[in-house]
Amino acid sequence: MKKRAKFSSKLGIVLASAGSAVGLGNVWRFPTEVGEGGGAAFILVYAFCVLLLGLPLMVAEFIIGRHTHKNTADAYRQLAPRSGWIVQGYLGVFTSWFILCYYSVVAGWTMKYLVEAATGGLGSISDSSAYFSAFSGATWEPLVYMVIVMLLCHFVIIHGVQAGIERSSKLMMPLLLMIIAILVVFSFSMPGSSEGLTFLLKPDFSKLTSAVVLSAMGQAFFSLSIAMGCLCTYASYFTDDVRLPKTAFSVAIIDSIVAIMSGLIMFPAVFSVEAVTPDAGPGLVFITLPNVFHIAFGSVPVLGWFFSVMFYLLLLLAALTSMVSIHEPPTVFLIEHFKLSRPVATAIVTIACIVVGSLCCLSFGPLADCRPLFGLTFFDFFDFVSAKLFLPIGGILISLFVGWRLDRDIIVEQLTNGGTVRLPAFIISVFLFLLRWMIPLAVGGIFIKELGIL
Ligand code: PHE
């Protein structure tokens with residue numbers, strides 16, 4: 001049998017996993033939520049969520065992946081044969097593909113904006129809101145951009161673990177981190193930027209409602225790519241000397257730094273331009289910011305050009321490394337489960353995603369009124385099902401599985417790398433307590449609340 005692929009270095013492992021975590025969620029969702037959720041007060045709650053809920057779940061997924069060295073579906077089959085837990089493995093594989101279908105639409109938008117920024121088109125837009133609606137609501141252009149980013153992702157995945165995922169992460173992630181550092185400095189140098197900083201960082205504990213706390217939890221999960229099958233899949237390529245808790249910690253730190261820095265880029269820039277009120281979500285990135293670029297750099301166009309090209313390049317890189325991480329779980333599942341070659345498996349996943357993703361893409365235009373499922377457009381349906389249903393359900397199942405069902409010896413072996421790394425016993429107890437009780441209860445809370453069951 002052919003030897004299974006592995007990442008070649010610890011740096012590659014951290015960068016690939018961080019590449020999965022750092023995505024569109026960091027750049028647009030996090031800053032908006034901070035702004036709305038009481039600035040530093042939100043950041044504090046978010047940090048607790050990452051530490052107490054996100055990190056243990058990430059380590060739990062790493063344990064399953066590295067112990068089995070299998071794709072997510074077969075990993076659960078090996079650990080809990082002939083049991084209902086197998087469903088969780090399939091859910092992971094399926095969720096990845098499902099997210100890819102709509103994530104690629106937004107990634108396509110970022111590419112369009114990068115092209116527009118680079119060719120100077122962005123500077124001449126006078127009504128950025130109308131421009132965005134016209135573009136996203138068109139038929140062919142957004143589709144073409146979606147297909148292009150899917151093909152880029154395809155190109156990475158087809159080259160496999162080391163030559164594809166690891167190499168591209170080693171190239172894209174340092175570039176991304178560099179761009180973000182340049183942009184922070186740039187944003188701060190804009191006049192009036194301190195107001196934006198105040199908006200972002202001033203702690204306002206009165207805004208910390210339970211809804212805000214719950215959204216901090218949801219954001220922590222989405223941002224760390226938890227319960228999507230990708231952490232488990234990447235961990236199946238980890239070498240045996242990698243320290244799982246340390247790796248998870250590094251990924252969480254990088255992810256959080258990028259999220260905070262994105263806020264530091266966006267709000268000072270937005271506030272340096274009077275008359276622009278920040279939109280939430282995609283509007284912030286595709287409507288408010290083009291406006292900012294337009295107004296702020298009207299007198300020095302070359303700076304506007306530079307800032308906007310760098311910004312959309314940052315977004316595209318962040319989106320691409322995340323797309324790669326959700327393309328791989330279904331691909332390796334097809335390779336190992338159905339004995340397909342990598343090129344064939346990659347092509348199946350890409351084509352299936354383009355076909356279904358087209359529905360999501362067109363749901364901003366020609367298919368806007370086509371709402372066969374729960375009265376939602378295709379895009380909203382995919383977003384809702386994955387973020388609001390699969391993510392919490394997956395999170396609960398993973399924590400219960402590793403907390404209650406998985407053999408304690410396996411957990412200890414994975415956490416200590418077969419006994420070669422010392423780990424105080426109480427850390428393992430805390431880890432198990434969080435997985436057994438705290439996470440299922442907390443995530444169950446989000447789930448019930450978000451669905452409005454209670
Ligand atoms: N973590 C990514 C982000 O913050 C999103 C993502 C979700 C990536 C699931 C992979 C899997 O945008």
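Here are some friendly questions and answers about the predicted model shown above.

This is a predicted model, where local features need pLDDT of at least 70, side-chain atom pairs count only at pLDDT 80 or more, and totals for chains, interfaces and linings use all residues. Residues are numbered from 1 along each chain as its sequence is written, and side-chain values use heavy atoms, with hydrogens and water left out.

Q: How are the rings of F42 and Y46 arranged: stacked or edge-to-face?
A: A pair of aromatic rings is described by the distance of the centres and the angle of the planes. Rings of Phe, Tyr and Trp (its six-membered ring) pair if their centres lie within 6.5 Å, and planes under 30 degrees apart count as stacked, over 60 as edge-to-face and the rest as tilted. The centres of F42 and Y46 lie 6.4 Å apart with planes at 15°, so this pair is stacked.

Q: About how many helical turns separate F42 and Y46?
A: Both residues belong to helix α3 (residues 40-68); helices (H or I, at least four residues) and strands (E, at least two) are DSSP runs, numbered from the N terminus. F42 and Y46 are 4 residues apart, so their separation is about one helical turn.

Q: Is F42 buried or exposed?
A: Buried means under 20% relative accessible area, exposed over 50%, and partly exposed in between (1.4 Å probe, protein chains only). The relative accessible area of F42 is 1%, so F42 is buried.

Q: Which helix gives the largest share of the nonpolar patch?
A: Patches are made of residues with over 30% relative accessible area and no salt bridge, with like charges joined within 9 Å and nonpolar side chains (Val, Leu, Ile, Met, Phe, Trp, Tyr) within 5 Å. A salt bridge is a side-chain nitrogen of Lys or Arg within 4 Å of a carboxyl oxygen of Asp or Glu. The nonpolar patch has about 770 Å² of accessible area together, and its residues include L44, F48 and F249. The largest share, 4 residues, comes from α3.

Q: Is F249 buried or partly exposed?
A: F249 sits in helix α12. Its relative accessibility is 42%, so F249 counts as partly exposed.

Q: How many Å apart in space are R408 and Y46, C-alpha to C-alpha?
A: R408 is found in helix α17. R408 and Y46 are 362 residues apart in sequence, and their C-alpha to C-alpha distance in space is 29 Å.

How values were computed
Areas by Shrake-Rupley, 256 points an atom, 1.4 Å probe, with all protein chains shown as cover.
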